[in-house]
Amino acid sequence: MDLIRHHVAGQSVGSAERTGPVYDPATGAVQAEVAFASTAETDAAIAAAAAALPAWRATSLIKRADVFFRLRHLLVERADELAAIITAEHGKVLSDAKGEISRGIENVEFAAGLVHLLKGEHAEQVSRGVDVHSVKQPVGVVGAITPFNFPVMVPLWMTASAIACGNTVVLKPSEKDPSAALFLARLYEEAGLPAGVLNVVHGDKVAVDAILDSPTVRAVSFVGSTPIARSIYERAAAAGKRVQALGGAKNHMVVMPDADLDAAADAAVSAAYGSAGERCMAVSVLVAVGDDVADALVAKVAERIAGLTIGPGTDAASEMGPLITREHRDKVASYVAGAAAEGATVVVDGTAQRFEGGGFFIGVSLVDRVAPGMKVYDEEIFGPVLSVARVATYDEAVALINASPFANGTAVFTRDGGTARQFEFDIEVGMVGINVPIPVPVGAFSFGGWRNSLFGDSHIYGPESIHFYTRSKVVTTRWPDPSESQISLGFPSNH
Ligand code: NAD
């Protein structure tokens with residue numbers, strides 16, 4: 001059995017003392033074991049990052065930018081190979097794997113503009129003969145902890161900006177699909193990144209805690225589920241680190257009576273069941289304004305999902321692959337199984353669909369008349385289950401969404417510009433789509449939710465990441481004529 005090892009200072013290291021299984025979700029077979037780093041092994045990776053920091057920090061911005069131009073080229077050139085690695089361990093269909101690579105490339109393109117991004121400010125003559133300027137300097141060693149569902153894109157969300165800003169990184173990818181992060185680290189080095197600037201350690205809480213507790217690590221970026229995000233935020237902040245911890249989601253898509261219901265149904269099906277619902281921006285609740293809209297939408301969605309093809313991600317005919325593990329599939333099924341007893345109506349029960357072989361497949365489900373207080377509504381399911389919540393008015397739709405503890409993404413479908421503008425004004429959610437079901441911001445903007453979908457105050461990638469991964473320093477300068485020098489004990493005033 002292959003052992004997937006860590007990547008530290010450009011070397012493959014790690015023992016098989018503690019390991020975890022890496023499945024092929026399409027067959028259910030264990031295809032490799034991944035080494036779980038001990039505290040000492042994680043500390044060694046942190047030490048490698050610290051050792052690489054002075055030289056990387058001193059590398060010219062033009063040379064740093066060169067790495068990102070070359071990395072972009074390599075990612076495009078080797079996208080098929082990387083997509084195959086994602087699909088083999090995650091299970092998502094190949095076209096979806098390529099989609100996440102292309103969204104991750106946006107972060108690399110953004111980082112390639114680092115000379116512009118790292119410009120400070122300058123004010124001349126703030127006082128007589130005195131100028132002030134600011135510079136942005138790296139924070140130091142950065143810890144990056146990522147979830148299973150985007151094994152390339154989320155590591156790129158963090159590493160591109162962190163490294164562009166002159167930091168060095170210890171990346172702890174999900175232990176469920178660890179190989180893509182290793183491939184990425186090697187591509188970075190092929191693109192010219194010195195060994196030690198990006199290190200990858202695999203593992204579980206032991207490795208994560210070592211990152212959180214190390215005084216050498218100055219900032220932590222985390223993406224994962226809400227309970228873990230909250231605990232990471234608390235532990236890292238208590239240790240005095242800068243931290244951004246992005247959590248789970250329950251994304252609502254509002255459909256107004258004036259919307260094109262066929263287009264809304266197409267969008268809902270795509271956004272709810274794509275990647276088997278294992279996307280933090282998946283639409284999981286369709287909020288229908290008015291019973292007529294709800295009845296029509298339920299019928300249209302049910303009609304569309306009857307034709308979906310579920311199968312191995314490597315099969316070009318598959319539109320949806322398996323879930324990540326058997327346990328996760330069973331948990332997703334339990335929400336559908338319990339929905340009727342909670343008062344909801346199960347319109348399509350995908351859990352009844354049978355698949356050959358041992359893969360972690362599940363059919364898609366549609367559950368109507370879902371409301372707060374039901375587990376199927378309150379909890380993040382992270383699977384191919386679309387709920388429909390019925391409300392009577394626009395105001396009720398907004399109140400429902402603003403009362404949710406999650407606030408990652410949301411969308412409104414309408415043909416009325418005034419309604420759309422009001423929704424943008426009223427809704428308390430970090431990312432909003434207007435007739436766009438999955439409003440993941442392009443790389444030149446930042447990504448992040450509100451409330452329990454993000455702990456910390458910086459969104460990830462884009463402009464906010466430059467702020468997060470740098471410390472600003474403000475320099476006040478004077479070149480006095482020695483003949484004018486005098487003693488003054490008063491507080492320096494600029495008037
Ligand atoms: P997870 O929280 O289980 O794991 C995320 C990372 O934390 C992994 O690297 C994992 O090894 C580590 N981890 C797990 N348990 C830990 C513990 N007790 N202590 C320390 N570290 C621990 O999440 P997941 O199942 O890999 O990913 C799915 C979740 O991520 C969903 O909730 C999804 O909404 C969320 N997500 C959010 C975003 C976002 O941008 N907000 C993006 C992608 C995924």
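Is Arg18 buried, exposed or partly exposed, and how many C-beta neighbours does Arg18 have inside 10 Å? Arg18 counts as partly exposed, with 16 C-beta neighbours inside 10 Å. A residue is buried if 20 or more other C-beta atoms lie within 10 Å of its own, exposed if 12 or fewer, and partly exposed in between, with C-beta atoms placed from the backbone.

## Basis of the model

This is a predicted model, in which local features need pLDDT of at least 70, side-chain atom pairs count only at pLDDT 80 or more, and totals for chains, interfaces and linings use all residues. Residues are numbered from 1 along each chain as its sequence is written.

## Two domains

The protein chain is divided into domain 1 (3-247 + 453-475) and domain 2 (251-434); the bounds come from an automatic or database domain assignment. Between the C-alpha centres of domain 1 and domain 2 the distance is 31 Å.

Contact between the domains involves 18 residues of domain 1 and 24 residues of domain 2, where contact means that the C-beta atoms of two residues, placed from the backbone, lie within 7 Å. On the side of domain 1 that touches domain 2, the elements giving two or more residues are α3 (79-90) and α4 (94-112). Helices (H or I, at least four residues) and strands (E, at least two) are DSSP runs, numbered from the N terminus. That side of domain 1 has eight nonpolar, seven polar and three charged residues. Here Ala, Val, Leu, Ile, Met, Phe, Trp, Tyr, Cys and Pro count as nonpolar, Asp, Glu, Lys and Arg as charged, and the others, Gly among them, as polar.

## Around the ligand

The ligand is surrounded by 27 residues, and the closest are Pro147, Gly224, Ser225, Gly248 and Cys280. A residue is near a molecule or strand if its C-beta atom, placed from the backbone, lies within 6 Å of it. This shell divides into twelve nonpolar, ten polar and five charged residues. Both domain 1 and domain 2 supply at least three residues each to the shell.

## The largest nonpolar core

The largest nonpolar core has 163 residues, of which Val255, Ala268, Leu286 and Leu297 touch the most other members. Such a core is a set of buried Ala, Val, Leu, Ile, Met, Phe, Trp, Tyr and Cys residues joined through C-beta atoms within 7 Å. With nine residues, helix α6 (residues 153-164) gives the most to this core. The core draws at least three residues from each of domain 1 and domain 2. In soluble globular proteins, nonpolar side chains tend to be buried together.

Apart from neighbours within four places in sequence, Val255 is in contact with Ala264, Leu286, Val287, Ala288, Val289, Val293, Leu297 and Phe413.

## Helix α6

Twelve of the twelve residues of α6 are buried, so this helix is largely enclosed by the rest of the structure. Among the buried residues are Met153, Trp157, Thr159 and Ser161. At 1.5 Å a residue, α6 should span 16 Å, and its end C-alpha atoms are 16 Å apart, which agrees; the expected span is 1.5 Å times one less than the number of residues. Just after α6, Gly166 takes a positive phi of about 95°.

Most residues other than glycine have a negative phi, and most peptide bonds are trans. Tyr461 has a positive phi, near 45°, and lies in the loop between β22 (454-455) and α16 (462-468). Tyr461 is buried, with 29 other C-beta atoms within 10 Å. Leaving aside neighbours within four places in sequence, the contacts of Tyr461 are Asn107, Trp157, Ser161, Gly443, Ser446 and Phe447. The C-alpha atoms of Tyr461 and Ala111 are 9.3 Å apart, although 350 residues separate them along the chain.

Ala276 also has a positive phi, near 55°. The loop between α10 (261-273) and β14 (283-289) holds Ala276, which is buried, with 32 other C-beta atoms within 10 Å.

## Two arginines

Arg18 is placed in the loop between β3 (11-13) and β4 (19-24). The C-alpha atoms of Arg18 and Glu33, 15 residues apart along the chain, are separated by 9.6 Å.

Arg235 belongs to helix α9 (residues 226-238) and counts as partly exposed, with 18 C-beta neighbours inside 10 Å. Between the C-alpha atoms of Arg235 and Asp213, 22 residues apart along the chain, the distance is 8.0 Å.
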